[in-house]
Amino acid sequence: MSYLVLARKWRPQTFADVVGQEPIVRTLRNGLRLNRVAHAMIFSGVRGVGKTTLARIMAKAINCQGEGEGEDKPCNLCESCREITAGSAVDLHEIDGASNRGIQEIRELKENIRFFPTKSRFKVIIIDEVHMLTTEAFNALLKTLEEPPEHVYFMFATTELHKVPITILSRCQRYELKRVAAADLVSFFAKIAAREEVAIPHKAIEMIAREADGSIRDGLSLLDQVFSFGGNQVSEEDVVQVLGLVDQRIFATLAQALLAGDLARCFELLEKIYGAGIDLKRFASDLLAYFRALLVCRTSPQPETLLDVSDQELAEMRELGTGQSRETLALLFQLLFKGISEMQYSAHPRLVLEMVFVRAVQVGQVTPAAALLARLDDMLKSGGVNPAQTSGGLVLREKKANQQEEVAKAPAAPPPESFPAVPGDSEPELDSKVKKLEELVGKIAETTALEKKNDPVALHAHTKDVRKNWEGFVGYVKERKPWMAQVLRICENPREEGMDLLLRFDNPSDCTLLQKSENVKDLTEYALDYFQKELRVKISSRGGKGDGGKEGEAVHDGPKEERRALANDPLVQMTMDIFGGQVGAIRTGPRFR
């Protein structure tokens, strides 16, 4: 007989053999014991977790001729159980939904189930990958599925439950299989290795279980491949070499280099990975998963419930993450995530990954903004700074000098601090941050001086041309005042002359309402907000007379004055000075108030 792969050789034949699906197994066993077996069941879940296997075990249990109770079935000893195990049962119809997906196949199935079973007590119909059936096939199955003959049971399996019509799901009892936990996979694979008389380290089995990603069949296929390579003695290096994996120690070393800002070490490790022929995209994804594990260890009180890693690896991650702030780990994770997303579409993934490392090592320790603000508040209180009377942080410097003199006089006393220290800050870093905060206090103290400035603030906005963007402006006005937009549409040749927006109408009656003072003010606001220019709206007509300004014109400078006041607001100028920013746009319209 030809070789039987592990995935088939170790396929569960009873409920006791099923791995990692205890709630579903218990429900099915109790249903058999209490004679509450549904006539239609659908098993869903990812690949290789036991959907079709459970359907076959259930088919054997329904037709089992043994003398045991419901929980003891199937017995695997009676004729019916042996035939189903061997795949020769005439009353078990297992259909591939991918290749028998049309309405004609369903019609033939419906015709077949009208007849009583040949040898067994029940006919069992198993449709694998049922989501592949056509809409017409599903519709043809509806009535039969809702009221099947008493001698027929339907069992479906699918990896994509969302593709099955709700009308089918409502007629079935659903069982959603979960991914098998890594601990269960490790235990199961270790048992198989012992039965196959293969010596393999526990660490190597953990690597295979991690690569299986919750799928028993995938893990058994990998285990089979490793056994073929290593024979009766398999080492960790064999697993790494056969499966093309990266030793977890590489990720720990690389993470330490990134957190320490050692760019040369990062490039050295990357060259080692690249020379070994490892797929860089896969490597980057695993590195991202490692930093995710670090962040979980740093934030969660019980990370072992969220991570499928060994106790030794968990202890190493905890030790590495303890010295880092959550903000630092989160920012590194974000940088890696962005870089990996770029790698998926790049023809040069190594260059992208190197640039990610360059950005990552520049992060350093990230101090939360809340901590900085708390320290600033404490410094203002302890330093006695009055922004209305001081400038340049002079009082704070005098306070610090006085504190240093007190320390010199009383060396046994603990040194006073102008603000609480943050864990992870060294003395040079602390002094540097003190200087920066002193400068910040000095800038805040200059608020009163800024209030006296009346110089206009230079705008660096994205201005728009009046002629090219007139239709857009009309649409902008329409969202706020539809009637005003209709009036603007009949304006002839709107143009910009210097700082004036000239609107001229052929008929004076067309702009009578628009020339009212309150409407001119609103229109001016809209123009300033949309074009981002210091424009003054002038409305005129032939032979008409406006409400303000010269004959035939209506103007309103109120919005311009309001914009200037906002731009020259002391808080705005202080913010620009502190952050080195620019005023990009000023909007005063009703939607922005």
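Reply: Start with residue classes: Ala, Val, Leu, Ile, Met, Phe, Trp, Tyr, Cys and Pro count as nonpolar, Asp, Glu, Lys and Arg as charged, and the others, Gly among them, as polar. This is a predicted model, in which local features need pLDDT of at least 70 and side-chain atom pairs count only at pLDDT 80 or more, while totals for chains, interfaces and linings use all residues. Residues are numbered from 1 along each chain as its sequence is written, and side-chain values use heavy atoms, with hydrogens and water left out.

Me: How do I read empty space?

Reply: Rolling a probe the size of a water molecule over the atoms shows where empty space is left. On a 1 Å grid over the protein atoms alone, a cavity is a set of points where a 1.4 Å probe fits but cannot get out; a pocket is an open set with protein on both sides within 12 Å along at least five of seven lines; lining residues have an atom within 4 Å of a point. Points are joined across faces, edges and corners, and the volume is the space filled by probe spheres set on them.

Me: How many cavities of 30 Å³ or more are there, and which residues line the largest cavity?

Reply: The count is one cavity of 30 Å³ or more, and the largest cavity holds about 40 Å³ of space. Its lining is made by Gln248, Ala252, Tyr290, Glu313, Glu316 and Met317. H12 and H15 each give two or more of these residues, with H15 giving the most, three. By class, the lining has three nonpolar residues, one polar and two charged. The helix labels come from DSSP runs (helices: H or I, at least four residues; strands: E, at least two), numbered from the N terminus.

Me: What about the largest pocket: how much space lies in it?

Reply: About 730 Å³. It is lined by 30 residues, and Arg210, Glu211, Asp286, Ala289 and Asp308 lie nearest its centre. H14 (280-299) is among the helices that supply at least two lining residues, and its seven are the largest share. The lining divides into 16 nonpolar, three polar and 11 charged residues.

Me: Is Ser215 buried or exposed?

Reply: Buried means under 20% relative accessible area, exposed over 50%, and partly exposed in between (1.4 Å probe, protein chains only). Ser215 has 1%, so it is buried. Ser215 sits in the loop between H9 and H10. Leaving out residues up to four places away in sequence, Ser215 touches Arg47, Gly48 and Leu185, where contact means heavy atoms within 4.5 Å.

Me: How many disulfides are there?

Reply: A disulfide is a covalent bond between the sulfur atoms of two cysteines. The test is a pair of cysteine sulfur atoms within 2.5 Å. This structure holds zero disulfides. For Cys81, the nearest cysteine sulfur, that of Cys78, is 3.3 Å away. Cys81 is buried, at 0% relative accessibility.
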